[in-house]
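Please examine the sequence and structure shown here before working through the solutions.

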Number of protein chains: 4
Amino acid sequence: MSSVTGNKIKLCVFGESHGQAIGCVIDSLPAGLKLDLDKIRLDMQRRAPGRNKQSTARKEADEFEIVSGLLNGETTGAPLTMYIKNTNTRSTDYENIKLIARPSHSDYPAFIKYSGKNDSAGGGHFSGRLTAPIVFAGAVAKQALAERGVFVGAHIAEIAGAADERFDKNNIDRALLARLGQSEFSLIDENSGAKMRELIEQARLAGDSVGGEIECAVIGMPVGAGANIFDTVESRLSAALFAVPAVKGVQFGAGFGFSAMRGSEANDCYGVENGRVVTLSNNNGGILGGMTTGAPVVFSVAIKPTPSISVPQQSVNLKTMQNETLVIKGRHDPCIVQRAVPVIEAMAAFTMLDILI
Amino acid sequence: MSSVTGNKIKLCVFGESHGQAIGCVIDSLPAGLKLDLDKIRLDMQRRAPGRNKQSTARKEADEFEIVSGLLNGETTGAPLTMYIKNTNTRSTDYENIKLIARPSHSDYPAFIKYSGKNDSAGGGHFSGRLTAPIVFAGAVAKQALAERGVFVGAHIAEIAGAADERFDKNNIDRALLARLGQSEFSLIDENSGAKMRELIEQARLAGDSVGGEIECAVIGMPVGAGANIFDTVESRLSAALFAVPAVKGVQFGAGFGFSAMRGSEANDCYGVENGRVVTLSNNNGGILGGMTTGAPVVFSVAIKPTPSISVPQQSVNLKTMQNETLVIKGRHDPCIVQRAVPVIEAMAAFTMLDILI
Amino acid sequence: MSSVTGNKIKLCVFGESHGQAIGCVIDSLPAGLKLDLDKIRLDMQRRAPGRNKQSTARKEADEFEIVSGLLNGETTGAPLTMYIKNTNTRSTDYENIKLIARPSHSDYPAFIKYSGKNDSAGGGHFSGRLTAPIVFAGAVAKQALAERGVFVGAHIAEIAGAADERFDKNNIDRALLARLGQSEFSLIDENSGAKMRELIEQARLAGDSVGGEIECAVIGMPVGAGANIFDTVESRLSAALFAVPAVKGVQFGAGFGFSAMRGSEANDCYGVENGRVVTLSNNNGGILGGMTTGAPVVFSVAIKPTPSISVPQQSVNLKTMQNETLVIKGRHDPCIVQRAVPVIEAMAAFTMLDILI
Amino acid sequence: MSSVTGNKIKLCVFGESHGQAIGCVIDSLPAGLKLDLDKIRLDMQRRAPGRNKQSTARKEADEFEIVSGLLNGETTGAPLTMYIKNTNTRSTDYENIKLIARPSHSDYPAFIKYSGKNDSAGGGHFSGRLTAPIVFAGAVAKQALAERGVFVGAHIAEIAGAADERFDKNNIDRALLARLGQSEFSLIDENSGAKMRELIEQARLAGDSVGGEIECAVIGMPVGAGANIFDTVESRLSAALFAVPAVKGVQFGAGFGFSAMRGSEANDCYGVENGRVVTLSNNNGGILGGMTTGAPVVFSVAIKPTPSISVPQQSVNLKTMQNETLVIKGRHDPCIVQRAVPVIEAMAAFTMLDILI
């Protein structure tokens with residue numbers, strides 16, 4: 001594979017940052033799913049750039065068109081195809097840096113892999129712009145999941161070291177997830193946002209950028225979803241999440257915190273509640289033996305700082321092999337963590353639907 | 001999938017902890033690979049239990065037999081099949097706890113998923129014992145990688161909070177990886193082991209267990225390996241690593257540390273060295289845009305404390321739905337981090353070979 | 001899978017017969033392939049309806065647009081996406097028969113499978129119209145194969161019992177394949193066409209249709225392509241060919257003729273020619289043990305008569321469960337064999353490229 | 001893939017003809033399936049050689065051992081692994097012909113593909129002997145299908161031109177399939193067997209061999225199984241069937257007979273019977289648009305004559321590149337059609353189960 005993913009439902013993403021169009025095909029969706037296009041648009045707006053001072057000033061319309069697989073507002077069972085015309089294409093911003101590999105971007109390995117034939121403008125097919133169709137697919141998946149009683153939501157856990165509250169892992173309700181899903185700067189404790197915004201603004205003024213962490217929860221999964229050994233829920237989710245540009249770490253439940261815990265603290269004991277087995281804590285993030293336990297699936301991802309910064313950086317001209325000092329012009333996000341929130345939700349939703357169906 | 005993994009090379013693992021045999025089939029290996037069986041045995045011994053005070057007192061022979069795919073010491077191109085007879089089968093240790101779900105084990109979701117028909121003794125197919133065939137497959141993959149100039153090695157980064165040195169991410173040599181690969185308690189700084197052993201012993205005496213972190217490096221990968229968007233090297237490796245029981249987090253390069261970094265610190269600038277482009281730092285762990293950069297691929301995984309502990313735990317009888325206090329008898333590892341080191345190497349080696357071929 | 005196929009290269013086909021657009025995404029094509037769009041158009045015209053009396057009078061423009069994956073006339077390595085706007089959409093021709101299953105079409109099982117939510121107009125996603133993107137993908141694959149010295153061509157072996165010459169299986173040259181590839185009624189012996197056309201015309205006048213057989217050859221494959229047991233060249237090709245609507249049989253080399261042969265006649269003996277091993281005959285159609293032998297890969301497919309006929313047929317209203325006499329109006333192909341020739345070539349070319357790469 | 005197949009259930013076959021063992025792993029079978037081992041043994045005996053004058057005089061015990069995935073007679077949900085020790089290994093029969101490619105066998109392309117490193121004795125991994133684990137897997141699948149009301153059976157349609165009756169395609173009952181499934185020379189009209197046996201015996205006396213055709217039916221499939229475009233039931237079945245050595249053609253329903261039919265004869269009209277839609281004929285072999293129609297799935301496969309014959313054949317020594325006259329010694333089947341019947345049933349059963357689950 002590569003730009004295609006999924007087992008039972010397939011997601012195929014196409015397009016280049018500054019090409020004619022981007023979009024996706026979702027194959028093998030169940031027929032008869034009523035799509036609420038406004039809900040899809042809302043998620044796409046949460047991801048879209050140019051919406052506030054924390055994001056890039058570029059504006060992308062992201063007006064999508066559905067060209068197959070939908071009839072009278074319901075999925076037909078045939079591939080659902082979505083298409084976004086690029087309105088903001090090949091600018092001169094990128095022309096001057098085409099052969100000078102931007103540090104921490106895909107430029108250098110892509111140049112080698114494709115012998116320089118790839119469309120490198122704006123990162124081409126590797127651009128964060130390709131997360132727009134992913135968010136579309138995720139928004140569709142969320143609606144299919146909601147019909148099955150499964151809900152997904154994420155928030156900014158940390159930006160530049162400033163932290164939001166964490167999920168109470170064993171006790172997450174739909175109302176909280178719904179509130180997070182409507183925000184363009186999703187936080188459990190909205191008061192924690194001021195400090196984050198300030199740190200982003202400082203970075204922006206310095207021509208620099210900041211990273212962070214996003215925490216995500218999925219509630220309502222049945223017990224025993226996922227498959228043994230190689231197709232664990234953790235394997236499936238992490239593979240999907242590392243497809244999101246800038247994600248460099250994934251942890252479930254207590255994650256790297258397990259390293260300093262003893263088994264007696266870490267283990268999630270069992271009790272009976274309303275005639276059902278429940279875990280009394282949820283350090284395992286709702287997954288044991290690679291299968292869901294019925295408790296919320298909770299994980300977080302590390303997001304690296306936006307690689308495009310305007311401070312001068314040392315690089316190399318890939319043709320002449322001369323050292324170059326690179327200054328990236330144009331307007332870039334000083335922080336993409338807030339915009340990545342719906343992308344993380346999307347990959348989680350798509351993957352969970354693929355596991356459930 | 002589930003107990004089968006891999007794209008071009010397939011690994012199929014079979015067996016149950018207390019069943020008749022465990023083993024694996026490796027399909028589509030290149031023909032003509034000379035196998036050094038002693039090197040395979042060495043890796044299997046590093047994983048095997050009962051080797052020192054830090055591990056369980058159970059002894060497993062792990063004598064493997066190769067029953068197909070090898071002729072005159074070389075692979076034939078047909079499936080390579082390995083088989084280990086279980087000598088230490090179905091004991092009464094597990095009989096008393098069969099219906100009482102062990103906290104943080106697969107017991108409860110497996111019971112639901114398989115309607116109680118799964119072989120639950122010792123965790124059955126979910127047992128850590130199934131990592132023996134994984135280590136075999138990894139040891140085979142390491143030999144195929146070595147022919148291609150690629151080397152893999154891992155060490156205990158942390159146990160119970162006590163830390164080893166970390167890899168110098170941009171500067172890792174074969175000699176270090178070779179040394180780590182021969183140790184049963186792999187450390188970069190061997191002096192850091194005493195504290196770790198002491199903490200394990202304290203946990204053991206308390207009937208408790210400890211967790212940790214393993215760091216792994218792969219050197220010699222060409223530039224541009226891996227595929228765009230959904231089949232990134234990070235996606236492939238993380239999916240493989242989360243198949244290892246007890247792994248709850250995976251991070252590449254600076255990983256979760258990116259959250260508090262600025263782009264200007266985090267970015268890996270480029271220079272020219274001996275006519276080749278090199279990164280001047282390696283916070284991205286040798287992967288950009290999901291492709292290898294030529295720098296060492298460096299990642300670490302979080303290992304949760306062994307769930308089997310002898311301190312009393314609250315649980316539920318899955319048949320009667322009564323609360324029960326569970327005391328797990330038998331001998332268990334107070335720490336599996338050291339034994340997991342060759343398993344992490346194995347999944348990394350298998351995955352890298354599958355990407356390379 | 002379903003509307004996605006391929007191992008290393010993926011083909012994803014989307015659209016519905018009377019929807020807004022049809023098209024395809026080809027993922028993981030090699031970068032740097034120069035595309036000759038005129039050659040692609042030629043294949044698409046060979047498939048297009050309305051080109052002669054033997055085909056339906058409907059005209060489809062089939063003007064395609066490439067919206068991603070192509071830069072300066074060369075593939076970029078990112079998904080190549082092709083898009084055809086439907087100009088001839090939802091007509092009333094189909095309205096009256098929507099719930100009355102057309103015999104030998106997909107209507108009835110599709111209605112059950114998708115609970116009536118599928119787009120049934122003109123067969124929807126099951127329509128022969130979806131072979132247009134397949135022909136596009138095949139035309140791209142042919143260009144990639146030609147760079148590797150591999151050539152594909154097919155001809156009408158039989159229509160309504162009237163036969164063309166068959167390939168001389170062990171002796172097929174590029175010139176013949178090139179000639180076949182430029183014809184809209186591809187025949188080895190062009191004199192055999194008059195009888196075929198006459199039989200088609202008779203069927204047309206009777207409001208009926210006819211079936212036939214297409215024979216296809218691939219030359220230039222290296223020895224030993226294909227994989228053992230389950231991934232044989234025959235398995236791969238047949239799976240691809242049965243994806244073409246109306247294909248109901250696939251045979252390689254002597255195929256069903258083997259039933260009346262003895263081994264001594266059937267076996268392809270070996271000789272040496274110009275220092276290379278060659279088969280002295282080619283009853284096995286260039287494939288042994290599922291692998292290519294270096295001889296031409298030769299196979300044929302059975303094409304059933306066009307199911308849409310205007311003679312009255314007995315059917316059932318799927319809602320009322322009443323018997324109905326169905327008379328299919330509109331203009332339909334009395335024979336699709338000639339139009340299916342480039343589709344068979346396309347599936348063969350795509351599959352062979354996927355095997356080779 | 002290659003020696004692994006299946007989407008939701010995976011079958012992995014291992015072993016070489018004259019190696020230490022052959023066997024298979026079946027992954028992701030449902031848990032709780034009670035296995036009747038005697039029924040499995042019966043199918044394996046139908047395939048086993050040395051059972052009558054029509055088959056080779058070699059005897060293979062084919063005593064299988066199940067080493068994982070079965071507990072108290074029921075599947076556990078973990079991989080089901082089966083293992084047959086080879087008792088009749090590397091004989092001198094093959095030593096003299098090792099480098100002289102046997103015509104119409106896999107020897108030559110395998111030698112090239114694996115650079116001579118493959119185990120060529122008796123065909124190695126390409127041997128018909130590997131159909132023993134396939135029959136095992138099919139026998140397991142049949143039991144899972146029977147629980148779901150689906151039944152599979154096949155018969156010898158033709159040997160050396162002598163024909164059995166064909167299935168009445170729209171009217172096949174369990175009793176007939178059950179009778180076929182217990183025979184070692186399965187025929188609808190048992191009187192047709194005498195002529196076949198006579199023709200086989202004539203070939204045997206001449207040191208020659210004969211081919212044939214096998215017809216197979218699957219009854220009880222629900223309407224709408226199978227997936228659109230590339231994952232049709234025909235694609236899935238044909239891919240599986242061409243994995244069986246000696247199969248060179250697959251046709252569904254009227255198959256190649258469609259070539260001389262008109263649509264008005266070929267189309268399967270609909271009626272209502274007991275409140276259900278039924279087809280009034282079944283020329284499409286129970287499949288439309290790649291999906292099952294509820295009518296019996298009926299197909300036939302062409303089997304080439306056994307390539308191993310004792311009449312002298314022209315070949316080449318692959319090392320010296322000299323022409324050689326090859327006389328194959330040892331005892332070989334003058335006809336494998338009768339032994340292939342349970343293998344065809346097995347691939348059909350496994351595939352249908354994989355589609356259904």
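## Exercise 1: Chains D and B

The contact between chain D and chain B takes 38 residues from chain D and 38 residues from chain B, where contact means heavy atoms within 4.5 Å. This is a predicted model, in which local features need pLDDT of at least 70 and side-chain atom pairs count only at pLDDT 80 or more, while totals for chains, interfaces and linings use all residues. Residues are numbered from 1 along each chain as its sequence is written, chains are lettered from A and ligands numbered from 1 in the order in which they are written, and side-chain values use heavy atoms, with hydrogens and water left out.

Task: describe the area, the polar links and the composition of the interface of chain D and chain B.

Solution. 

Step 1. Buried area is the accessible area (1.4 Å probe) that two parts lose on being put together, summed over both. Between chain D and chain B about 2,900 Å² is buried, and carbon and sulfur atoms give 59% of this area.

Step 2. There are two salt bridges between chain D and chain B, each requiring a side-chain nitrogen of Lys or Arg within 4 Å of a carboxyl oxygen of Asp or Glu. Glu74(D) and Lys117(B) meet in a salt bridge, at 3.0 Å from N to O.

Step 3. The rule finds 14 residue pairs in polar contact across the interface of chain D and chain B, both residues at pLDDT 80 or more. A polar contact is a pair of N or O atoms within 3.5 Å; within protein, one must be able to donate a hydrogen and the other to accept it, and residues adjacent in sequence count only if both atoms are side-chain atoms.

Step 4. Strand 2 of chain D gives the most to the side of chain D that touches chain B, with five residues; strands (E, at least two residues) and helices (H or I, at least four) are DSSP runs, numbered from the N terminus. By class, this side of chain D has 15 nonpolar, 15 polar and eight charged residues. Ala, Val, Leu, Ile, Met, Phe, Trp, Tyr, Cys and Pro count as nonpolar, Asp, Glu, Lys and Arg as charged, and the others, Gly among them, as polar.

## Exercise 2: Symmetry

Task: state which rotation superposes chain D on chain B.

Solution. 

Step 1. A rotation of 180 degrees, with 0.0 Å of shift along its axis, superposes chain D on chain B with an RMSD of 0.0 Å. The two copies are thus related as by a two-fold rotation axis. The superposition is by least squares on the C-alpha atoms of residues with pLDDT of at least 70 in both copies.

Step 2. In chain D, the C-alpha of Cys12(D) is nearest the axis, 3.9 Å from it.

Step 3. The copies meet through the same surface, because 100% of the interface residues of chain D are also interface residues in chain B.

## Exercise 3: Chains A and B

Task: describe the contact between chain A and chain B and the burial of helix 6 of chain A.

Solution. 

Step 1. Chain A and chain B each bring 102 residues to the contact. About 7,800 Å² is buried between them, of which carbon and sulfur atoms give 62%. Phe230(A), Lys248(A) and Tyr270(A) supply 11% of the area that chain A buries against chain B, more than any other three residues.

Step 2. Glu234(A) forms a salt bridge with Lys248(B), the closest N and O atoms being 2.8 Å apart.

Step 3. Helix 6 (residues 233-241) of chain A is largely enclosed by the rest of the structure, because nine of its nine residues are buried, that is, under 20% relative accessible area (1.4 Å probe, protein chains only).

Conventions. Buried < 20%, exposed > 50% of the residue type's maximum accessible area, 1.4 Å probe, protein only.
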